[in-house]
Amino acid sequence: MWRWQRALLVPMCGLVAVACAPGSSSNTTGGERATNPTAAISRVTLANGLEVGNLATKLQLSGGYDQDYLLMSNSPLVVLDPRGAPLPRLAAELPAQDRGSWQVNADGSMATTWKIRPNAIWHDGQPVTSKDFVFALKVYLDEAIPVRERQPERFIDRIDPVDASTFTIRWKVSYAAADRLLSGEMEPLPSHILAPLYDSDKDAFVNAPFWSSTAYIGAGPYRLMDWDKGVRLVYRAFDGYFLGRPKLDEVVFHVVTDVDTVPALLLSGAVDASVAFVLTQEGAQGVQQQWSRTGEGQVITYPVWLRAPQFQLDPARNQQPALLDLRVRRAIAHGVDRAGLVEAILGDPTLVADTMVPPASPLYPRVQSAITTYPFNPERSLALLQEVGWTKRGDQLVDANGQRFTLDIQGSNRGVNLREAGIIAANLRNLGMQVTETPISTAQAQSPEGSASFPGLAITTAAIDIPRGMSRLTSTECKTAQNHFTGSNTGCWLNPEYDRLFHLASTTLDEGQRADTIIDLLKVQTADLPVFGDFYHTENFGVRKGLMGLTPRWPSQSGHTWNAHEWYWAS
C-alpha cells in the first residue's frame, strides 16, 4: 500500500542527530545508580511549544503538539521508522496474509490477529491483555464519548479475545492499513482501572483526573512523575518497559510559550533539543549558523505538513456568505501570491504546494496533471468576483448596493501563522477586500469549539499522510455540538462524493485502485475548493552534540519521541 509513499523523506534518513550539552547530563545507567544512590541521573531536556491537554491518545485532545508527550507514556501496536516502514511496538509481530494472521474474506470483511508482547505491562504492573483492547473499542465507538477521530475503529465490527495476550480484530470492510495501527489507532485502555468508572458514570469517566495528571497509567517507556501546568512535564524511565528500561533516566519537557526564546535556550544549553514546531525558520537559521562554527549541535529541517487555508462553509458560523459560492473561493485562491509568500516565510518558493502529495511521490506528476490549480492571477480573481456581483470601484470591492466585501482571516498567534495571515491579507486587500486579521490565543486554539468558530478563512495545517490525512475533509470530521466539536474538518465542508472516494481509498487492498482513487479525491477537493494549498511546511529541530537517537520522523509518525527509549548521551 505504502510503497510509493516512502519516497518522500528517504533523503533525510541518513541524518542522525548528534549534539552535546557539556556537563548537562551524565551517562550513569540505572544499574549504576542502584548501587550508587548519589550518582547523577541521565537526563534530556526538551523545548516544546504547547502543553498537552491530557495523556489519552484517542480522546479529545488539544492540538498538534501532543504526540511528543503521548508517545512517552503510551505504546501503540505499531510505529513507523524515519523511512515510513512499520515496526511492531506493543505487538509481537505485524499481521500478515502469508502467515494466516491477516485473512480477507470474499465479502470484503477481514480478520487480523494480534499478539501482545508477553512482557507488556501497565505502569502499575498489571499485564496488558486482550480485555484492554475489547474495552478500548467499546469506548472509542461510543458516541457519548468525545473521540477525536473514529478511524479506523468505525471499520471494526468487534474484537474477539483468543487468549489473554492474543486477540482478533473483525473488520466490517477491507482496510488497507489494518496491519499498522499507529498512535491514536485502536490503542488499549487499562480496563482494570477505567472500566468500572466507564460503566457507572460516563461523564465522570471523560472528566476523570486520570487523563490529565500523574495518576495516568500507560504502557509506554516513561511515566509522568511531575506536571507543573504550563511550565514543565517530567517523565521517568519505566523499569518494567517491555523493550527494556530506557537508556535515559529522565526526560523533561519545558513548555516554551515564547518561541523567539528557543534559539537562546538551545545555544546556552538550557535545553538539549527542540521538538514539534517550537524552533521557527528564522530561529533555526540562527542556531545553525552558530553551531556550524562551534560544532555544538545540528539543526535538521524536513517537510512534514501542508499549510492550507480553509474556508468556513458552515452557514451557522460563516459571516461572509459569499464564500459559499465556489467562484468566490476560486477568486481568493487566484488572488494569493503563494510563491511570494513562501519566499518571504521560508526563502524557498519551490515549497509552494497544491495538495498533500509532495513532489517526491511517484504520484505527483499524475496528480498535478489531474487537479484544478490556482496560479496567482489577480485579473482572473476580479473576473470571477464580478460574475458573482462584486466589482472593484477604486480600491474597494463592493456589491451592487455598495457594500464592501469583508473577510476575516484567523490563525494562531504562534510561529509563522501571523506572517502567513498577514501576507494573504495584503494580497486580498489588493483585490479591494476589507480584510481583518484575528490572531487567536493558545487557549482558543486548544479549545475544540474555538478552533471551529472562525467566520471566514482559517490558517490550518495537515500532516503529509496519504491517504489517512485526507480524512480531515470528510463529513464525519465536521465539528459540531453533537460530536462535542471533535474532528478536523473545521470548515465543515460536506461532499458525499469525497466521502465515498475516501472510504474506497481507505479500504481497497489494490494498490493501483488506491492510487487512482487518491487522484480522484484530489480532483474533487481542488475543484470544489474547501481549502487551498499554500506550501509544504518544514519542521526544524535542534539537537545538541552527544545526544544520540533523536532523528527526523516520518510525517504520519507524529512525534519525535517514537523511539525515546533508545536515546542516550554519547561518552
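Guide: The charged end of Lys 229 sits over the ring of Trp 227, 3.3 Å from the ring centre. A charge is said to sit over a ring if NZ of Lys or CZ of Arg is within 6 Å of the ring centre and within 35 degrees of the ring normal. The model is predicted, so local features need pLDDT of at least 70 and side-chain atom pairs count only at pLDDT 80 or more, while totals for chains, interfaces and linings use all residues. Residues are numbered from 1 along each chain as its sequence is written, and side-chain values use heavy atoms, with hydrogens and water left out. Another charge over a ring is that of Lys 58, which lies over the face of Tyr 140 at 6.0 Å from the ring centre.

Rings of Phe, Tyr and Trp (its six-membered ring) pair if their centres lie within 6.5 Å; planes under 30 degrees apart count as stacked, over 60 as edge-to-face and the rest as tilted. Tyr 235 and Phe 253 make an edge-to-face pair, 5.7 Å centre to centre with 70° between the planes. This pair links distant parts of the chain, for Tyr 235 is in strand β9 (residues 232-237) and Phe 253 is in strand β10 (residues 250-255), 18 residues apart. Strands (E, at least two residues) and helices (H or I, at least four) are DSSP runs numbered from the N terminus. Tyr 235 and Phe 253 are both buried, where buried means under 20% relative accessible area, exposed over 50%, and partly exposed in between, with a 1.4 Å probe and protein chains only.

The rings of Trp 493 and Tyr 498 have centres 5.1 Å apart and planes at 65°, so this pair is edge-to-face. Trp 493 counts as buried because its relative accessibility is 3%; Tyr 498, with a relative accessible area of 1%, is buried also. Phe 135, Tyr 198, Phe 205, Phe 210, Trp 211 and Tyr 216 form one aromatic cluster.

Burial also marks whole elements. In helix α9 (residues 338-346), the residues Arg 338, Leu 341, Val 342, Ile 345 and Leu 346 are buried. Seen down the axis of α9, these residues fall within an arc of 90°, so they line one face of the helix; the arc is that of the directions from the helix axis to the C-beta atoms. An α-helix has 3.6 residues a turn, so residues three or four places apart point the same way. The buried residues of α9 pack against α7 (281-294), α12 (417-429) and β20 (535-544), contact meaning heavy atoms within 4.5 Å. After α9 comes Gly 347, whose phi is positive, near 75°.

Strand β16 (residues 406-412) has six of its seven residues buried, so the rest of the structure largely encloses this strand. β16 pairs with strand β17 (residues 434-440) in the parallel sense over seven bridges; two strands pair if DSSP finds at least two bridges between them. Gln 410 stands opposite Thr 438 in β17. Two bridges also join β16 to strand β18 (residues 457-458), in parallel, and there Gln 410 stands opposite Ala 458.
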